[in-house]
Each structure stands twice: as structure tokens, then as C-alpha cells.
Amino acid sequence: MRTIGIIGGMSWHSTINYYRLINAAVADRLGGHHSAKLLLDSLDFEEVRAFQLAEDWDGAGELLASAGRRLEDAGADAVLIGTNLMHKVAPAVDDAVDVPLLHIADAVGSEATRRRIGTVGILGTNWVMSERFYAERLAGHGVAAVAPAESRRAELDRIIFDELTVGTITETSRAVFVAAIEDLVAQGAEAVVLACTEIELLIGPRTPPFPCSTRWPCTRRPRRSSCWPAPEPDAVRRCGRPSTCVAAPAGRRCGRRTARARRGSRGRSGAASGRRRRCAGAASRGSPPCRCRRGRRLR
């Protein structure tokens, strides 16, 4: 197993997600007690924020480049920057290390291409939404990007830095982001990139501001209560559950039994024993298993 070095701490709220999701992916793939081999260089976000406010991107680049070199010296086989915004200085980090730099926009672009999504909306800090360093990387994968109206960007940026990066969550701010997503849909976005990890504190799979439909497939990996992956857009059925973003192809069912069905099978016999409730979000044979625990049908 290779070792990944994470340049984190920007903010620490998002670094937790990187650590958790990478380990979860390794555990899902390898099973047993496997976990990821990770190295973390957690920066003081106050220092990083000072460079941002001063627009001193050369200084910020050298700070992150030094962290990348430390991770490489410690044995990292690849390095990633645990924040979307600071990919603005990704070239400085890439030049400073001899191991590969895993660029977050490449991962987004590859996933959009796999799902045949041609246009995405970008939600993030003002720099990410307004400048081209992120959108141009997506364009290299043949994916176009749209951003919220300029009148919305300052408030979105303020919420990220004044609230989310210090762990403050409010319904008022959630409504602001929901409105921004609706704006992106109106501009033709087929999916939205949460290009600031802290946004997931506000917008998650349990609180989608839109139904699953051919216009808007699920594009963010849900928690274990939902089904992944979503089907291609031409196979999506409209989701009847507003609380969870689950898109499923018509006519496919999974054989995963719910907890209720398992309990019932212990005390029953005959045809009633082992009765299965079918989940409408499962993939066909040979595809990744459905992760739905509830086993509910789509309407």
C-alpha cells in the first residue's frame, strides 16, 4: 500500500473529512481491518489566512511547498492539498516535490467525465468561483464550469470564512447556499461541485435542495443510507424521498435485507423466512453493491 501525504489544517474541519473518507475508501476496497497509510502536515490556518488576505500567493505557495517537501521526506509516495482554494498555489507545490501531486480538480473532472456531465456549477470561496485556475483544470477534462452570479459571491465567501471554517452552522446560511445552487441550475449546471470542503457542513446528502431527476443526477457520494453510484442521467427516475438524494435506474433491485427483515427471519419459517425488502437504488450484477440500509422503494 502506498503512503499519501496530506497538506491539511486549512481548515482543520475539512481535514477531518479527508482523513475519514480516505480511510473509509481503503476499508471498503480491502475489507477487514485495513486502513490508509497517511502522513499529515497540519498547517496553522491563521498563517495561511494572513497570506490569503494579503494576496501574497508567492508566500502561501512557499508555505505549502515546504509542507509538501516535509511529507516527501517523511516517506509519502504522493501528496495532496486538503483544500480546494489553495490549489491556486498547486504549481508551487508540484515544483517542490518529486512525488506526484494529486490535484483535486482532476478528480472532479474525471468523475464528471465518467458520468457524462458536461457542465458543472462551482461553489466555493470567491477566488475559486471568480478566477480560472480551477475551471481551467476542469476544462482539461472537457468539463465546462459556471459560477453563481457575482452579486452572490461575496456572501458565500463570507459564510465560508466567518462561519464554516470556525464550525458555525446556521439555517440562514444554508438557505443562501441553496439559492446559489438554484442559480447554478438555472445557468445550465448538470451537477454542482462543492469546491470548499466545509460547505458539506451545510449541504449534504440528507438535505439536498433539489430532487433527483434527469436534469439533476446525484453527484456527491452519499452516506451509507443512500445508493451509490447514481445511474447515467438517461436512466434516472424521479426520487420520491425529499430527505435523501437517491437516483436509481428503473427496474433494478438489490438483494440486501433490511434489519427488520433479518429480525423477522429468525422467528419465522417457510416462505416468510428470509423475506427481503428490495431497494430501488441497487446496481446490476457485477456493479458495486447497494449501500442502502433502509431498503425503501422509489415511488
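Modeller: Let us begin with the naming of elements: helices, with at least four residues, and strands, with at least two, are DSSP runs numbered from the N terminus. By that numbering, R116 lies in the loop between helix 5 (104–114) and strand 5. Please keep in mind throughout that this is a predicted model.

Colleague: Why is R116 called exposed?

Modeller: Exposed means over 50% relative accessible area. R116 has a relative accessible area of 62%, and therefore it counts as exposed. Its backbone also deserves a remark: R116 has a positive phi of about 60°, although it is not a glycine.

Colleague: Where does E55 lie, and what makes it partly exposed?

Modeller: E55 is found in the loop between helix 2 and helix 3. The relative accessibility of E55 is 47%, so the residue counts as partly exposed. Phi of E55 is near 55°, a positive value in a residue other than glycine.

Colleague: Why is T125 called buried?

Modeller: Buried means under 20% relative accessible area. T125 has 2% relative accessibility and therefore counts as buried. Its place is in the loop between strand 5 and helix 6 (126–130). Leaving aside neighbours within four places in sequence, T125 is in contact with L85, D157, I160 and F161.

Colleague: Let us turn to the helices. Why are helix 2 and helix 3 called roughly antiparallel?

Modeller: Angles over 145 degrees count as roughly antiparallel. Helix 2 (residues 45–53) and helix 3 (residues 57–73) pack at an angle of about 155°, with their axes 8 Å apart. The two helices are therefore roughly antiparallel to each other. Helix 2 passes helix 3 in a left-handed crossing.

Colleague: Which residues of helix 2 and helix 3 meet?

Modeller: E47, V48, F51 and Q52 in helix 2 meet W57, G59, A60 and L63 in helix 3. The residues of this contact divide into 5 nonpolar, 2 polar and 1 charged. Gly is counted among the polar residues.

Colleague: How do you know that strand 1 and strand 3 pair?

Modeller: Two strands pair if DSSP finds at least two bridges between them. Strand 1 (residues 3–8) and strand 3 (residues 78–81) are joined over 4 bridges in the parallel sense. They therefore meet the requirement of at least two bridges. Within this pair, I4 stands opposite A78 in strand 3, and the bridge partner of G5 is V79.

Colleague: What joins strand 3 to strand 4?

Modeller: The two strands run parallel and are joined by 2 bridges. The cut-off is at least two bridges, so strands with this number pair. L80 stands opposite L102 in strand 4.

Colleague: What is the order of the strands in the open sheet of 4 strands, and what makes strand 2 and strand 4 its edge strands?

Modeller: The order is 2-1-3-4, with parallel pairing. Strand 2 (37–42) and strand 4 (101–102) each pair on one side only, and they are the edge strands. Helix 1 (residues 12–30) packs on this sheet and touches strand 1, strand 2 and strand 3; its direction makes about 175° with that of strand 2. Helix 3 also packs on the sheet, touching strand 1, strand 2 and strand 3, and its direction makes about 155° with that of strand 1.

Colleague: How do you know that both faces of strand 3 are covered?

Modeller: A78 and L80 on one side, and V79 and I81 on the other, are all buried.

Colleague: What is the order of the open sheet of 3 strands?

Modeller: The order is 6-5-7, again with parallel pairing. Its edge strands are strand 6 (144–146) and strand 7 (191–194), each pairing on one side only. On average, neighbouring strands of this sheet are turned by 40° against each other, direction ignored. Strand 5 (residues 119–123) and strand 7 pair in the parallel sense over 4 bridges, and V120 stands opposite A191 in strand 7. Helix 9 (residues 171–186) packs on the sheet, touching strand 5, strand 6 and strand 7, and its direction makes about 155° with that of strand 5.

Colleague: Finally, what is the omega of the peptide bond from M10 to S11?

Modeller: Omega is near -5°, and the bond is cis. S11 has its place in the loop between strand 1 and helix 1.

How values were computed
Residues are numbered from 1 along each chain as its sequence is written. This is a predicted model: local features need pLDDT of at least 70, side-chain atom pairs count only at pLDDT 80 or more; totals for chains, interfaces and linings use all residues. Side-chain values use heavy atoms; hydrogens and water are left out. Axes are lines fitted to C-alpha atoms, for helices over the stretch in contact, and angles run from 0 to 180 degrees between N-to-C directions. Angles under 35 degrees count as roughly parallel, over 145 as roughly antiparallel, 65 to 115 as roughly perpendicular and the rest as oblique. A crossing is left-handed if the near helix is turned anticlockwise from the far one by less than a right angle, and right-handed if clockwise. Contact means heavy atoms within 4.5 Å. Buried means under 20% relative accessible area, exposed over 50%, partly exposed in between (1.4 Å probe, protein chains only).
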